[in-house]
Amino acid sequence: MKTNRKLRFQLFVQNSFFVVLFLVLVFLLGFLTYQYHVSRDVTQGGRNTLTEGSVNVLKEMKGPINITAYVVKDNDTRKYINKFVERYKRIKPDINLSFISPTEEPKATQEAGVKAEIELVVEYNQRTEHIVPPQAFVEQDMTNLLVRLSRTNQNAIMFLDGHGERSLIGVKNHDLGDFGRHLEKKGFKLSNPDLLLAQEVPSNGSMLVIASPAVDVTEVEVQKIKQYLEKGGNLLWLIDDEVNLHGLQPIAEYLGLQLTPGMVVDLSATRYGADAKVAFANQYGVHAITKNFMLRTLFPEARMIHAEDSFDNGWRASNLVEVAPNGWLETGKVDDNVSFDNKKDLPGPINIAVALERKYGEKGQRVVVVGNGNFLANTFLSNGGNLDLGLNMVNWLAGDDRLITIQPKPRKDVNIVIPSEGWANLLAQFVFIGFSRILPIGLIVIGIVIWWRRRKA
């Protein structure tokens with residue numbers, strides 16, 4: 001009898017000890033899950049996590065971000081907004097999301113300037129921007145908005161116009177209109193001052209862009225551009241013709257540029273189905289513009305650009321882009337029968353872009369010169385990393401070094417588009433109906449039959 005009692009007591013103690021340990025384990029697991037969050041995105045397109053560009057932007061933003069969503073009390077919509085913002089909060093926990101119902105708080109909605117049925121107001125560093133669906137739920141658009149709020153230099157990008165230049169607002173193939181629109185999305189403003197009428201190049205601009213004039217720039221305008229540089233102005237200069245600078249030779253001399261006649265030939269371009277006059281680059285200099293930049297870029301009809309440190313003017317020069325390591329600089333005519341002449345041509349790699357920097361007063365002065373304007377043209381902007389490299393150059397010139405980053409890329413298409421007609425439409429409809437209706441119903445029927453047979457057995 002005593003043995004049974006002792007055995008029961010031991011079992012009671014063991015069971016109690018096990019229950020206590022189990023409760024302690026549950027408590028510890030709950031504590032760990034409350035303190036630490038671990039998640040993994042297993043979707044093919046990575047739709048539940050942010051791209052590298054967005055992550056880099058968030059890491060550079062110091063201070064909280066406040067997002068106010070103006071939407072009626074619709075659980076589905078609010079859940080979707082919460083899910084979208086949560087991707088950003090995983091990287092930056094001090095993102096604060098709040099909801100206001102326009103029907104219940106019309107005064108607050110009106111004071112915020114909200115006009116759409118669903119609208120998000122994003123505030124950072126005492127600056128605000130509004131965004132509405134569908135852009136409000138697209139990572140690239142939301143991250144671009146955060147970049148605009150982060151930008152410290154709000155001065156306009158000025159571009160020389162009136163001499164057949166590649167226009168930042170143009171729509172022709174050789175123009176830079178698409179690049180200009182990307183700059184506006186990043187928070188830049190564009191302006192094209194008339195240097196024939198203006199007394200000088202406006203000093204309140206963030207930079208001046210000279211994009212390959214096709215006719216001569218007047219001496220009056222060249223003198224004003226030189227004075228602008230002498231006063232510490234920043235410059236982005238795209239050169240398509242190194243022999244005829246169309247009146248801008250004094251600017252090249254002031255910057256200490258060395259322009260070698262000839263066009264880059266890259267026979268390896270034929271491996272990508274391109275012409276030999278298209279130079280591919282994946283080698284970049286050591287500079288803030290190209291730091292951690294590993295995208296391939298292409299430069300049709302590129303020219304050689306070289307500059308050295310100047311003690312007279314104080315310029316410090318850096319090479320940015322090298323192309324055609326297996327090609328050369330062709331000094332003769334470039335045609336289908338082009339070949340390397342070791343007596344006249346220069347073997348690759350060929351440097352086609354330089355960055356110049358010097359101290360001016362209390363601030364620095366920056367210049368970027370590229371021996372090619374095609375890489376930012378409407379025709380070629382979307383190729384490889386051309387857009388990213390162009391944006392990095394502009395951000396550096398504007399003094400926003402921390403915004404120099406690989407830009408967020410759109411996700412892979414996760415939508416199913418069913419053709420509207422033809423056999424493809426019938427096949428798509430059959431697949432859709434088969435998986436969404438026939439297959440589930442068939443599985444239910446099979447389950448009922450198996451259950452019925454087992455019951456009768």
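Which residues does Ser150 touch, not counting residues up to four places away in sequence? Hi everyone, let's start there. Ser150 touches Met61, Tyr124, Arg127, Arg402 and Leu403, where contact means heavy atoms within 4.5 Å.

A quick word on the model. It is a predicted one, in which local features need pLDDT of at least 70 and side-chain atom pairs count only at pLDDT 80 or more, while totals for chains, interfaces and linings use all residues. Residues are numbered from 1 along each chain as its sequence is written, and side-chain values use heavy atoms, with hydrogens and water left out.

Back to Ser150, which sits in helix α5, residues 139-150. Helices here are DSSP runs of H or I with at least four residues, strands are runs of E with at least two, and both are numbered from the N terminus. Ser150 has a relative accessible area of 3%, so it is buried; buried means under 20%, exposed over 50%, and partly exposed in between, with a 1.4 Å probe and protein chains only.

Now for another serine. Ser101 is in the loop between β2 (95-100) and α4 (106-111), and at 4% relative accessibility it counts as buried too. Its contacts, leaving out residues up to four places away in sequence, are Val71, Val72, Lys73, Arg78 and Thr109. Ser101 and Lys73 are 28 residues apart in sequence, yet their C-alpha atoms are 6.3 Å apart in space.

Next, a helix pair. The axes of α6 (residues 177-185) and α9 (residues 386-397) come within 11 Å and cross at roughly 55 degrees. That angle makes α6 oblique to α9: under 35 degrees is roughly parallel, over 145 roughly antiparallel, 65 to 115 roughly perpendicular, and the rest oblique. The axes are lines fitted to C-alpha atoms over the stretch in contact, with angles from 0 to 180 degrees between N-to-C directions. Who meets whom? Phe179, His182 and Leu183 in α6 meet Leu387, Gly390, Leu391 and Val394 in α9. By class, that contact has five nonpolar, two polar and no charged residues.

Finally, the cores: sets of buried Ala, Val, Leu, Ile, Met, Phe, Trp, Tyr and Cys residues joined through side-chain atoms within 4.5 Å. The largest nonpolar core has 45 residues, and Phe179, Val264, Phe299, Val321, Val323 and Val368 touch the most other members. Helix α9 gives the most to this core, with seven residues. Apart from it lies another core of 30 residues, including Met158, Val217, Leu235 and Tyr254.

Notes: Ala, Val, Leu, Ile, Met, Phe, Trp, Tyr, Cys and Pro count as nonpolar, Asp, Glu, Lys and Arg as charged, and the others, Gly among them, as polar.
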